[in-house]
Amino acid sequence: MASVPIIPDSYNHVLAEFECLDPLLSALRLDSSRLKCTCIAVSKRWLALGSSGGGLNLIQKDGWKQRLFLTHKEGAISRVACCLHDEDYVAVATSQGLVVVWELNQERRGKPERIYVSSEHKGRKVTALCWDTAALRVFVGDHVGKVSAIKINTSKQGKAAATFVMFPVQIITTVDSRVVQLDYLDGRLLISSLTRTYLCDTERQVIEKFWKIGNKERDGEFGACFFPAGKNSGNQQPLIYCARPGSRMWEVNFDGEVQSTHQFKQLLSSPPLPVVTLRLDPHYSGSSCSPQSLSFPKLLYLTEHCVITWTERGIYIFLPQSVQVLLWSEVKDIQDIAVYKSELFCLHTNGKVVHLSLLLVDRCVERLIRRGFWTLAARVCCLFQNSIISCRARKNLPLDKLEHLKSQLDASMQQDLVTQLEELISKLEPLDSACSSRRSSISSHESFSVLDSGIYRVISRRGSQSDEDSCSLHSQTFSEDERLKEFPAHQEDEQGELDNVSHASVTVEADRNETFLPFSIPLSFRSPSPLVSLQAVKESVSSFVRKTTEKIGTLHISPDTRGRQEAKDDEQLQELTVNLVASPQEEKELEPQSCQLPEEDHLRDLKAATAEATAKLQDPLVLLEPQRMRRVLQEWLIYLEEKFGSKEHSASSMKRSKTLCAEEERAVLEENLQVDPTGGDPADKEQSGILKDCSEKENTDETCVSKNMCGNSTDLKGPLDCCFQVSPPCVIEPDVQKDLVELTTLCFELRVFSCGNGEAEESSDGSLPLAASWTLACRFMRSYFFLLDLKRLKQCIITMYATSPNVWETYIAGLKELTCHSPVALAMESEDMLKILKQLHDLGPWDDSPLLLVHAQRLYEKFGETALRPLIKFHPSILPSDIKQLCRNDPAHFLAYLDSLVKSKPEDKRSSLLRSLLQPESVRLDWLYLAVSHDAPQRANTMDAEGNPRPRSHLFTWGYSQLILLLIKLPADFVTKEKMADICKSHGFWPGYLFLCLELDRRIEAFTNIAHLDDLSLLNGEDGSIPETIEEWKFLLHLAQNHSTAFHHHGPQNGNSVSNGSSSCPDCITVENVALLLAKAIGPNRALPLLQECGLTLELSERFTGVCEILRIAEKRQRALIQSMLERCDRFLWSQQA
């Protein structure tokens, strides 16, 4: 077998064509010699194609359906531009030099209308069109260098204003030669001519200000574009890139000053990457070509990092900030390119349009596999082996998916390809093998952030198997270096290495589906190498150390000096109130229960321990390893228990022996888990097994439950209904209390509930039984409620203790204790619900205060479901996740609240609201299951004994049908859609099931269920799907033949009773009705042979024959009318040319 060149691993992106637009052009009659496409533009919704006949086709990108056709008598369309910030407007330039602005009126479902016609450039060739990015203003440039601006007055501002007010055309400037390209950003207009580039400030009201960019002129077509600042660039200004001769670019700041010149000539000596397309097999030569000295006629900004250009030879995509070539591919005869995000629409000189997508190689292969293009997917895998083998790509292309791809190939006809794919698979290892050690603990402890007090909070991946093994700083930074290869980094200290690097990888469709612990905090730094990572940590730590010098200074001075300093601090101590998280009106209610203490500083040890723990948690080696963090917190917790915990607990936690720990542990677990030694249900047996496992592991090094439970055994035995400590027992300085709150809350989030014997708490690893874990959590909350951040506490409970209602009840009980004397709580006994709701509204704004939640709990306990619906006006202070916790014993109440919340928004905003509420995404399936399970028809009425739909059962009324359809139609991945389809099918919600079948490309299954539902409107309605191929029509005809008798002669229907084959059932699935639909879709002349082939002509009545004759007559007249119109248009065009 001949060796196939393999593309180097520096190439991670590819241009791919997943769908051919030739049928679209053919349907638009833009593939003939007389009529062809002349210009192109694209936006989020529209693909605009201008034609040589003066027509503008606006095609909706979703489904590629032609929605609008705008005609112009002023000549062929030479330029078109869509308004990106308001897609209801489009500007068109004709061959006569007229500029026409259209308002499409899509929102009002009206007809498109011309709202402005400019003749400022009449008789000239318009060479560039550009929309303002914020206002309704169009910039126009022509071949003599004139640039004008058209300000639009829209009918949305009022009919009178649109009719009587027409703003005059504003002449911006006249440059020295033809305008090649226009671009606009943030009040600045960029004009590129044949000789140089100009920058114009269009926001000046008196006189415009112009800059000439650079001093050297040029001769030819060279483009220029703005390069917006990235989302994470802070206050950094946008850049400008101007094309220069010899494959060069100027990098210019936003004030028009040239910063540097980038040379791409040598970088373009690499061989071109193949374009992935079904038209031909991808091929890669592997041999370098000579350096390319090119002129870039236009520059376009693409995604967040790239600039794209093209020549007569191919397409080039650059990373200008890092002076690298992302890729270049040979694509001949390109006339123009329109881009939107990572989509490219290429217009060729022959009028053809090609739709390309820039995406990662693994994403490309995954999409090819999903569409069933097995051979092409395999060839791409073999060409891009180095990219496929990388761990980043393995997330989207695991071994099982590649094995499935190999199984779809023909081993006899494609032996070479199968062999290459087997070699690729043999180079891969399972993700849980030793190769996964290259990933650092960032994958498991993904991020951390620094709090105001200087404490680092670490976010761990829940359930990760490498929490214990891969927490070293070295592996952390090494993996971070790998992940940062996805992003181009332009660093001044690495300029010398840029000549040796020709390509970088840019994440266009990065998909980071990573799981963290509930207290999710963004990673505060990303470093490209271990050394740079450590330096970033040092700088970040030093900045916060300076802020906390006063707190940790006692750790670095002598004991005598420390004593004098603490005595001085003690003299300045004043009585202060506790600043809890509450509304301003309630803070006055929450007075601390202060007690008089001696003059000496009784918190001296606790302050020192707090400062020491704060300093330790700033150490990167500690904050990146949860076990070390737990040990630090556990050592600090000893001092907290001494000052604020019960004396019995503090003493017992320090004196338990190892043997006594084991005995008491078993006794406590038996008490908490309620083990029945004589037997019982499976849950009891499982709990007994847990006890047995615990006793077997108590002497091993892998488990330290015994040690951790030593200090807590007496607490577990104690009653759980003890009083809450909602206010501090003594006066605490605000700065000290702030640090205590941070550390105490961090203890709860990391499940450090006891001081133990120097070992870290193991409950988060699963070695501590669930009942013991929530018992410890409840006692911890009761003891230190006054030192917990209530917002973070709530989020932690919802995420980590979702299956432990006792923890939530304890949290609510603490909030009730905290607000027992508030005016709302006092009014709850005497006043009605409306007055209480008004009082809550007057006490706002609440933001996300947990105190509002406890008042909602009181309302729900007193008034039931009727109290939930009015709470929607407090969104987002109260979230659906909060309401679900309140109504966990009655999910129907939560469902009613969610439905009311969604319906409270306008229809066009409901989907976006629901999408924002799906955090995490997994709750979508839970909510869908609830919605189809409540206020729904009986399952026996919607499906038969075999699980097939009953006729017309899709017409039943579902109480939450709108909510169900919204959940189904939101974007989701393939697996989620399959699960939603299973839920809809199992409950008989057929409208949603049919929609998902079409989304998942299960067309045969969809047609089968439509035949069972016996409703022809599902095939020819707006929401229906008509067969697309001859095979699908044959399948549907046989379904109608097989099921019509059973459908129309047996059993009642959810609708009118009908009989088979009669004219009184025009909406039923019968052979004749499907045949009529076939004749309307493909014409009677093509339909009759197909029906004869299926042997169904005998089942057709005279009605079918009559309808076919009418269709033939209508088709003949329509063809004659079209021919007449074309002849008139042809005569008119020839007369205009004469």
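1. The model contains an open sheet of four strands in the order β22-β23-β24-β25, paired in the antiparallel sense. Its edge strands, β22 (300-302) and β25 (324-330), each pair on one side only. Neighbouring strands of this sheet are turned against each other by 25 degrees on average, direction ignored. Strands (E, at least two residues) and helices (H or I, at least four residues) are DSSP runs numbered from the N terminus, and pairing requires at least two DSSP bridges between two strands.

2. This is a predicted model, in which local features need pLDDT of at least 70 and side-chain atom pairs count only at pLDDT 80 or more, while totals for chains, interfaces and linings use all residues. Residues are numbered from 1 along each chain as its sequence is written, and side-chain values use heavy atoms, with hydrogens and water left out.

3. Within the sheet, β23 (residues 306-310) and β24 (residues 314-319) are joined in the antiparallel sense over four bridges. In this pair, I308 stands opposite I317 in β24.

4. Helix α32 (residues 923-933) and helix α35 (residues 974-987) have axes that come within 10 Å and cross at roughly 15 degrees. Axes are lines fitted to C-alpha atoms, for helices over the stretch in contact, with angles from 0 to 180 degrees between N-to-C directions. The two helices, α32 and α35, are therefore roughly parallel to each other (angles under 35 degrees).

5. The contact (heavy atoms within 4.5 Å) involves R924, L925, L928, Y929, V932 and S933 of α32, together with T976, K979, M980, I983 and H987 of α35.

How values were computed: Parallel < 35°, antiparallel > 145°, perpendicular 65-115°, else oblique.
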